Amino acid sequence: MNSIWSKDVTLPEFPMLKGHLRADVVIIGGGLTGLLTANALRRTGIETVVLEADRIGSGQSGRTTAKLTAQHGLKYQELEKKLGLETAQRYARSQLAAVERLRRLVWEWGIDCDFTDCTTFLYATGSPTALEAEYSLCRRLGMDVFLTADTALPFAATALGLRKQACFHPLKLLRALSDGLTVYEHSRVLKVRGHTVYTARGSVTAGKIIFACHFPFLNVPGFFFIRQHQERSYVLALEGGSPMNDCYLGIHEDGLSLRPCGSYLLLGGGGHRTGENRSGGRYASLEQAARRFWPQARIVERWSAQDCMPMDGLPCIGRFSATHPDYLAATGFQKWGMSTAVVAAEVLSDLAAGRDTAPDCAIFSPQRFHLRASAKQLAEDTLCSAKGLARRILSPGRIPVEDLPMGHGGVVTMDGKKVGAFRSEDGLLHIVSLKCPHLGCQLEWNPDEKSWDCPCHGSRFDIDGYLLDSPAQSDLKPHRHPHE
C-alpha cells in the first residue's frame, strides 16, 4: 500500500551497483539518515557511496507521517525515571537542536518540501495528570511547552503543546538531498566482510561502513536483535476532514495521531508489536474513528510503517563495538525518525570524518548498557523470541489448508506439514515456509498488510515469501499451488 507522499513526487532513478568500487565511506540505506549523512560527508570532501536495497525513500522514510518534533510522547518522564534527569536533559537538547538544524538546512538550500512550522500536541481525553507531570518536567528542561483545553480536535481533551516544531513532505526532501550523491539502487547488501560490502552484482570497499538501513542486519557485533524489537502502526489519509494546522498525538493506548497534510488529514494509530496481529482490524479501527469524527471525509490512501523500539528508550547511534570501530550504525529511532535521523546524521558524519561528537550525543552510543532500565523489556523480548522458536518447532498447523477461505491467510497443515498459506480471491494458494531466515522464529500472518511477519525481530515477507523488511536478508522460498 502506497503512502500519500508518492502521489505527487517523482524521485530520480539511480543505477544498480555492478562491479567493484572503492570509497572513503559506504552507507547502507537510502532513507533520510543515509542521505543526510552522505550530504554531510560530501560537504567535507569525503567520497561516499550510498547503497539502497530498493529505491531511495522506499523504506520507513517514505512511510512516515513526517512530524519533526522533540515531543516524543511522555518521553521525558520515562527517561528521568529510567536513566535520570541529566539523560532527559541531553535527549531534549539533542532533539530540539535537530529540529532547528533541519529547518536551517531547508531554508539555506532553498528546498521545496512543504516545510511548515507548527505546534505539536500530546492530548488526553481522561485525567490530565500525566500531561501535567510531563509539562512540569519539560519546563525544567527548558522546553517551550504549555497546557490548554483549546484544541482543534473533534472531541474534548487536555493538550500539552510544544511550539516551533514542524512537518514536511519526506520524499520531496529526499529528492533534494539525493542530488549530486553517488547512489546505487536495487543493490541490497547481502554480506559484509572486513571493509567490503557485497551486493548481488557488485561490491564496495571503504574505510568506514555505515548501517543506516533501519535495522542493522549483522547479528555480531552489536547484537541489535537482542536490544530492540519492532512495532507496526497504521495511517489513513483523509480528504474532507476538519481543517487543522497543528499535530496531535494521544498519550493512551488507543490514542490517535493526527497531522495536516495540505488538503488531507493524516490519521494514525493501531500500533502493535510486529508479528502480533493475527486478528487484524487495525485499518478498520481507524476507519471507524474517521466515520465517527469526520463522517464527510473520504479515505484516499492507507499504509503502515515499522519502528525499532530499543529496550532502554534511547536510539543506538555510533560505533557497533570496540572491536569494529569502522562499522557505524543508527537504529532504534522508535516512532520519532525525523528528528532522530538528523541527530544520527550529525553523529555518523562526525565519527566517519574522525571528529568528536557533540557531548549530548554520547547517550546514544550503542556500546552502552543500562541493565536496570532495560530489564523489563529484555525479559519481554526474550520470552517473545522463545515463544516464536518453540511455536515453530512444537505447535501444529491451526487448520487444514483445505479449510482456508479465499482472501485469507494463516498457519495451516498441508500434506502433513505446517506451512504458511494465503488463498487469493481467484483460489490460488501461495505457500511459504514459516521459518524466518533471520534466526528461525515462526512467522505469523498479518491480515491488514497481507504479509508474513516475525514476532521475534520484525522481519516481514509478502505472500510469496519475498523480503519486505529486515533484519532478515533473504527471501522465503515461494511455491504456488492451484486451488484444491
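In this report, two residues are in contact when heavy atoms of theirs lie within 4.5 Å of each other. The structure shown is a predicted model, so please read the distances and areas below as values computed from that model.

## Glu 134 and its surroundings

Let us start with Glu 134, a residue of helix H4, which spans residues 129-140. Its relative accessibility is 1%; because buried means under 20%, Glu 134 counts as buried. Which residues is Glu 134 in contact with, leaving aside its neighbours within four places in sequence? They are Gly 73, Leu 74, Lys 75, Tyr 76, Gln 77 and Leu 160.

Two of these partners take part in polar interactions with the Glu 134 side chain. A polar atom of that side chain lies 3.1 Å from the backbone nitrogen of Tyr 76. The side chain of Gln 77 is joined to that of Glu 134 by a polar contact of 2.9 Å. Glu 134 and Gln 77 are 57 residues apart along the chain, yet their C-alpha atoms are separated by 6.2 Å.

## Strand E4 and its two partners

Next comes strand E4, residues 116-124, where 7 of the 9 residues are buried, so the strand is largely enclosed by the rest of the structure. E4 pairs with strand E6 (residues 158-167) in the antiparallel sense, over 8 bridges. With strand E12 (residues 247-250), E4 runs parallel, and 4 bridges join the two. Some of the residue pairs can be followed in the table, together with pairs from other strands discussed below.

| Residue | Bridge partner | Strand of the partner |
|---|---|---|
| Thr 120 | Leu 162 | E6 |
| Leu 122 | Leu 249 | E12 |
| Leu 249 | Ser 257 | E13 |
| Arg 460 | Asp 469 | E25 |

How do the residues of E12 point? In a regular strand the side chains alternate between the two faces of the sheet. Cys 247 and Leu 249 point one way from E12, while Tyr 248 and Gly 250 point the other way, and all are buried. E12 is also joined to strand E13 (residues 257-261) by 2 bridges, and these strands run antiparallel. The link from E12 to E13 is a hairpin through 6 residues.

Thr 151 is found in the loop between strand E5 (145-148) and E6. Leaving aside neighbours within four places in sequence, Thr 151 is in contact with Ala 157, Ala 159 and Tyr 248. A polar atom of the Thr 151 side chain lies 3.2 Å from the backbone nitrogen of Leu 153.

## Helix H5

Is helix H5 (residues 170-178) largely enclosed or largely open? It is largely enclosed by the rest of the structure, because 7 of its 9 residues are buried. The buried residues are Pro 170, Leu 171, Lys 172, Leu 173, Leu 174, Leu 177 and Ser 178. Among the elements that cover them are helix H1 (32-43) and helix H3 (85-109). Just after H5, Gly 180 takes a positive phi of about 90 degrees.

Val 220 sits in the loop between strand E10 (202-211) and helix H6 (224-227). Its relative accessible area is 55%; exposed means over 50%, so Val 220 counts as exposed. Together with Phe 223 and Ile 226, Val 220 forms a nonpolar patch on the surface, and the three have about 270 Å² of accessible area together.

Gly 270, in strand E14 (residues 264-273), is partly exposed, with a relative accessible area of 28%. Leaving aside neighbours within four places in sequence, Gly 270 is in contact with Arg 232, Tyr 234 and Arg 282. The C-alpha atoms of Gly 270 and Gly 34 are separated by 28 Å, and the two residues are 236 residues apart along the chain.

## An open sheet of four strands

Finally, 4 strands form an open sheet in the order E22-E23-E24-E25, with antiparallel pairing. Strand E22 (444-446) and strand E25 (467-469) are the edge strands, each pairing on one side only. Strand E24 (residues 460-461) is joined to E25 by 2 bridges, and the two run antiparallel.

Technical notes:
Residues numbered from 1 in each chain as written. Predicted model: local features only at pLDDT ≥ 70, side-chain atom pairs only at ≥ 80, totals over all residues. Heavy atoms only, no water. Buried < 20%, exposed > 50% of the residue type's maximum accessible area, 1.4 Å probe, protein only. Polar contact = N/O pair within 3.5 Å; in protein donor to acceptor, adjacent residues only side chain to side chain. Patch = residues over 30% accessible without salt bridge, like charges linked within 9 Å, V, L, I, M, F, W, Y side chains within 5 Å. Areas by Shrake-Rupley, 256 points an atom, 1.4 Å probe, with all protein chains shown as cover. Salt bridge = Lys/Arg side-chain N within 4 Å of Asp/Glu carboxyl O. Pairing = 2+ DSSP bridges.
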